[in-house]
Amino acid sequence: MSLWNEFEYKSSLPFIRWSYPEDKKTDLNSLFKRRSIIPELLLILILLASFNSWADTTQNLGNFIIYGLWALIAFCLFSLAIANLNTMLLPNAITRPLTLLVIIFQIFVAVQTSDASVITSAILGGILVGGIPYLLFIASKGRWIGGGDTKLGFAAGLLLGWKIGLLCLAIMVVLGLLSFAIEILSSKASKTKSPPRIGTGVMWVLSIFLALFIGQQVF
């Protein structure tokens, strides 16, 4: 059996997930009717906006490679968000390739810009944005936050650097508090059924993209 056939998160990959039924009883005619296209639309918008910001430099081969790596990173982030929505997990099968892509991305950026501080900032970001969730994970013994959050936080810090990484953490805290408040209010309004929960993976991905957008304007 091939590795692809053993990969259990195929149905979480943007676009590719449309080829897989939600369960074994789902008929092929209902595939496109049942699956939301919102993640794919958002991914396309982000990639188009990113390409537009790189429009003057992507004619250079090095920058074109960097953009390609960024596109793969964005694809992995959306895959994590979808997997988290479906399972409330942050699977290693996606976080590990994501982290590797981020490392390669930062190396290419540092070489292309001849700026070693890119690597320094990425390492500090990984330590801070991954380290703080790790301390929470240890302190709470996994009750407040999961190991997957620590791994994703490390990858986010590597990608964003320490300045934007700290901004990402701040946004994550705000989203977490909002999610908790919504959950409490929903539980009071509807006592017959449990309120919907927003996975931390979804909040991480949203925080990363918001931090990138805000950080580009501020820093």
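This is a predicted model: local features need pLDDT of at least 70, side-chain atom pairs count only at pLDDT 80 or more; totals for chains, interfaces and linings use all residues.
Residues are numbered from 1 along each chain as its sequence is written, and side-chain values use heavy atoms, with hydrogens and water left out. Helices are DSSP runs (H or I, at least four residues) numbered from the N terminus.

**H3 with H4**
- Helix H3 (residues 38-53) packs on helix H4 (residues 61-87) at about 155°, with the axes 11 Å apart; axes are lines fitted to C-alpha atoms over the stretch in contact, and angles run from 0 to 180 degrees between N-to-C directions.
- The two helices are therefore roughly antiparallel (an angle over 145 degrees).
- Contact here (heavy atoms within 4.5 Å) involves Leu42, Leu43 and Ile46 of H3, among others, and residues of H4 including Trp70 and Phe78.

**H4 with H8**
- The axes of H4 and helix H8 (residues 200-218) come within 7 Å and cross at roughly 150°, so this pair is roughly antiparallel too.
- Trp70, Ala74 and Phe78 are among the H4 residues that meet H8, where the partners include Val205 and Phe209.

**The nonpolar core**
- The largest nonpolar core has 45 residues, and Trp70, Ile73 and Leu98 have the most contacts inside it; such a core is a set of buried (under 20% relative accessible area, 1.4 Å probe, protein chains only) Ala, Val, Leu, Ile, Met, Phe, Trp, Tyr and Cys residues joined through side-chain atoms within 4.5 Å.
- Beyond its neighbours within four places in sequence, Ile73 touches Leu98, Leu101, Val102, Phe105 and Leu159.

Notes:
Angles under 35 degrees count as roughly parallel, over 145 as roughly antiparallel, 65 to 115 as roughly perpendicular and the rest as oblique. Buried means under 20% relative accessible area, exposed over 50%, partly exposed in between (1.4 Å probe, protein chains only).
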